[in-house]
Amino acid sequence: MAKVHVSTTVNGQPQEVLVEPNDSLLDTLRDGLGLTGTKEGCATGDCGACSVTLDGRLVCSCLVLGVEADGKEVGTIEGVADGDGLHVLQQKFLEHAALQCGVCTPGFIVAAKALLEKNPDPDETTIRYWLAGNLCRCTGYDKIVRAVQDAASELATPA
Amino acid sequence: MGDYAYAAPSTVDSTVELLSNTAQSGGRAQVLAGGTDVLVQMRSVDREPRLLVDVKQLAETNKLSIGDEEIYIGAAIASAVLNENAELKGKLPGLIESADLIGSTQIQGRCTIGGNLCNSSPAGDTIPALIANSAVCHIVGADGERNVPVEDFLTGVGTNCMAPHEFLLGLRIPTPKGRTGDAYLRFIPRTEMDIAVAGAGVRLTLDENGTCTEARVGIGAVAPTALVVPDAAAALIGSNVDEAALNAAADACSAAASPITDKRGTVEYRTKVVGVLCKRAGAIARDRAVVA
Amino acid sequence: MAEAVDLKAIGTRPVRPDGVEKVTGRANFGADLSLPGMLHAKILRSPHAHARIKSVDLSGALAMDGVVAAISGKDLPGGGDLGVNILAKDKALYHGHAVAAVAARSAYIAEVALDSIKVEYEPLNPVLSIDAAIADGATLVNESMHTNGDTSQPASNIAAITKFERGDVEKGFADADVVVEGEYRVPTAHQGYIEPHACTATINEEGKATVWCCTQGQFDVRSMTAQCLEMAVSDIRVIPSEIGGGFGGKTTIYLEPVAVKLSAISGRPVKMVMSREEVFRATGPTSATLCRTKIGAKNDGTITAASAWLAYEAGAFPGAPVGPGCMSVLAPYDLENFAIEGNDVLVNKPKVAAYRAPGAPQSMHAMECTIDELARKLDMDPLELRLKNCAEEGTVAPYGPQFPAIGLKACLEAAKEHPNYTTPPAEGQGRGVAVGFWFNIGMQSSAEIRIAENGAVTIMEGSPDIGGSRASMCLMAAETLGVPYKTINAHVGDTEATGYCNTTGGSRTTFATGLAVIEACEDIITQCKQRAALTWELDVDQVDWQDGQAVPKPGVNADVKPLSLADIARSAGRTGGPLLGRASLNAQGPGASFSVNWTDVEVDRETGKVDVAAFTAVQDAGRAIHPSYVEGQMQGGAVQGLGWALNEEYIYDANGVMENAGFLDYRVPVTSDMPMIDTQIIEVPNPSHPYGVRGVGETPIVAPLAATSNAVRDALGFRINDLPLSPPRVLEAIDANG
């Protein structure tokens, strides 16, 4: 199978990578670029562990072809913390013990970040429906929802 | 066994040419819009390699226009984009809600009404809502363009009327006028993430007295394809869309259903619930029409 | 010891030591390792639920470009049932049973190559339910299986029968004013961990293998892999990755011997990652069950007798968690007369694996529903009925031992006073109550405490961390040593890096490995006192350890400054060398954990859909080391239980093919399905642990099944005995009951 050359931007950095035409963006990130923070839980778009942003929009990277990232901007968990430290959501997930095993956590954080960028003041129902595509089997979701609520209120408070 | 390949043509003509040439050479091409069905199928039920023809680069499949007579929704526009369009949502709340029900937030970022229709699942959420809204498929192929009503587009479980050289450009929907409202409801066991066990879409128009003058009802997941249910519409037309009329429409939907028992529901369950959904969607459409 | 006072670290809620790695995507899970030259392997699985395998021909696959190695069952000689489950030998015993494996340059090539393996099957009649398995003339899953090994009886699908009895059950029922009985079915459920099984293996020319994998127990992976490959345990090193959920399902192995064997043939590292579909078809799940329960009571609520007949699907090999099901079913009650019988039943389904409180949710669903019916018949509050009969310190458990201090009564009393209980359910909603239980286990653990030159503390232990246990270890070490939490880190070692440790499971880690950590810290304290005594030229018994410092004992005349752990560490080279504390033990007295749960539900009478409006969990944790993670266990277990009660089930067709092998149709709860899960931690200290710890992880999944059933019963006015309470089942029942 002829590999395809893809020029993309990941977390603000230009990247060149060769992909098979049927590789998913998830495969491309993990195997092609070594960015294993994005996880595979199902490869069918049902668990959200592979959540990334594509040109700013939240998607399951398992349901995007690697070739489709050509010319686009990809955002992954590795780009959530900036040089100054953890993102507020990351900090709140830690403070609220919103993770147990932690394998769903990158997907939840990427998804929750996309929510707060679109809607800085979501109510509990909005948070729960926005995150309905992210499965967590450990926490029962309670502490995740609280961490997102707390992050939203902290982000809303002027520094 | 051949190899997978990918192409993202930039014009409709080159897309048609690619599809035609592949078909003529005995190859297999598959049109790719959001990919949320195609990629799943590629990994499980149908692993045969093929040429993936991405139609998201085309201006025509990304066209969105809201005219006095017709609303045009390009086949490759992601549901999330449609949902963020307040004007469109105001005109066709039921249809946009049906698109919003496909999968998760993540799926919404990719999936399209066009793809949902072309996948032609009996349970596709947008299809009953498209039928209720009298949507027409705008198809292009080697023989030029053609327009096919959604209910005629579908030919069976996972099949539709398009030839291998054709693809869907967009959907034409009559712009709602006067006191018109639409609604779509589906039933799933959870609150999100499931395939519809049954679904019902209703669009209706009321006169100034609140009498229903026009109605169309579509149902899904209760037959090999989504269906238009004229008897349900007839039960609503001429009524005030009161409980008796809604119950009659519900009975008509149940009567029109010919479901199967599978992992998502039983014959008895689907038959009953499709009526319940018609009744509830009808009431929502009525309430929307009143304030339209 | 249990009444530890003035705790400084324990009971606080610091950030876990592995937290930053996990919120940034740096933490390495099972599938995250890549090695140079690595091959990818895939498994061919049986399309039949029951079939004789007449031949396996790998040549077609081996001839393909990019394929490097292929094996079938005969290449995996050992391991008994485990080995047969990992690669079928003469029979395929369930749909999805592994038959052969291929290693290739890429996972895609390996997957495509599977189609070129030729397997000749002779399909057999599959046995797909308990009823079919125990019927006269049933097809045998295993023709040489005799119940309890009794070959004087004909072969049977019942692998074993377990019985617990006390008193005179018939007389007890005869003495009762009221008798209630019922028959309850619970479906097969999967653990549903989000991370699929994954491993990478390599073996060198000396026959030394290294296996990286996601597991709850690296030492069990080592011994099981060694058995399957007939290798010495010492020739295998198992390095556990971070683990993306297990819930019991990662206490056994599926891939590791295959990867090692393929590596041995190819001379290259081999990586295997299951698809989600494979996880559903061939790993986990837990047993579907059929339970018949009966309770007799006096009009005042005193239970006079109880009985339970339990049958658990084991899958294709013996080993359903029927023993724990029998142990748990009546554990909350102080009974004079009871009879419990458990049956371990073979069917042509995947071999069951442990799932959180294995066996208890199913049997206790039946009994707690029966108790609820009794409360209704007696017109008693369900908490009052349980308080009247509840087990307490001194009660002899149905499975033998006398309970030491336990927290059931405290939980029931707390529930009775809880505002969520004293406030009635909202209009139109129903409320259900149930009790949960798990006996907990101890077993073997080791721990090492290493003190750096600056006094920082490193814990090396062997319990893979599935829910924040490293934070608990650090807290117990901080408490014991008297040093700040921030100066401590904990690591889960590989089989060469840490002492032997039993698998993380049965809610043993915080208890048993915690005990080892505490003892290792005490070893450090002993050494520090010796070093201080040496420095001060005192006798060691003149030195105390207080708040992280060596100090002269009161009354000892010495003009010295206290020596901190850092002080002693800094000069350790002059006082005898580096500080290294050790402990290894076989922990006794794990201390049972009881819970009381209640939930309020609303039922849509036109669609049969059940919505969970509220859920409250009260549980005895003995002592909550890190309360957030205790709450997290309670909340997570509650939601797993709710999922099982409402929608989760394996759906099979007539040929034994699972029809819902994916997260789309195996419907675990999603965020929007659930309310907040309220928790109340009760602390009745476990007398066998210095800080009073009881395991808390298993119990939370037990009560939600019956609590939900009882709530739906309350909402509808009639009972639906079987789970799940999925919309079609509920609507059918509503229609049948008018």
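These legends go with close-up views of a predicted model.

**View 1. The two domains of chain A.** Chain A splits into domain 1, covering 4-79, and domain 2, covering 88-156. Where they touch, domain 1 of chain A puts in 13 residues and domain 2 of chain A puts in 11 residues.

**View 2. The domain 1 side of that contact in chain A.** Look for strand 3 of chain A (residues 51-54): with three residues, this strand gives the most to the side of domain 1 of chain A that touches domain 2 of chain A. Sorted by class, that side of domain 1 of chain A holds six nonpolar, six polar and one charged residues.

**View 3. Where chain C meets chain A.** Here 42 residues of chain C and 44 residues of chain A take part in the contact. On the chain C side, helix 1 (19-23) and helix 19 (627-646) each bring at least two residues. Helix 19 of chain C has the largest share of that side, at eight residues.

**View 4. The fold of chain B.** Chain B has 12 helices and 14 strands, and its C-alpha atoms fill a box of roughly 60 × 45 × 35 Å along the principal axes. Of the 292 residues in chain B, 58% are buried. Among chain B contacts with a separation of 6 or more, 65% link residues 24 or more positions apart. The radius of gyration of chain B is 19 Å, which agrees with the value near 19 Å for a compact globule with 292 residues.

Methods: Residues are numbered from 1 along each chain as its sequence is written. Chains are lettered from A and ligands numbered from 1 in the order in which they are written. This is a predicted model: local features need pLDDT of at least 70, side-chain atom pairs count only at pLDDT 80 or more; totals for chains, interfaces and linings use all residues. Domain bounds come from an automatic or database domain assignment. Two residues are in contact if their C-beta atoms, placed from the backbone, lie within 7 Å. Helices (H or I, at least four residues) and strands (E, at least two) are DSSP runs, numbered from the N terminus. Ala, Val, Leu, Ile, Met, Phe, Trp, Tyr, Cys and Pro count as nonpolar, Asp, Glu, Lys and Arg as charged, and the others, Gly among them, as polar. The radius of gyration is taken over C-alpha atoms; the globule rule is 2.2 Å times the number of residues to the power 0.38. A residue is buried if 20 or more other C-beta atoms lie within 10 Å of its own, exposed if 12 or fewer, and partly exposed in between; C-beta atoms are placed from the backbone.
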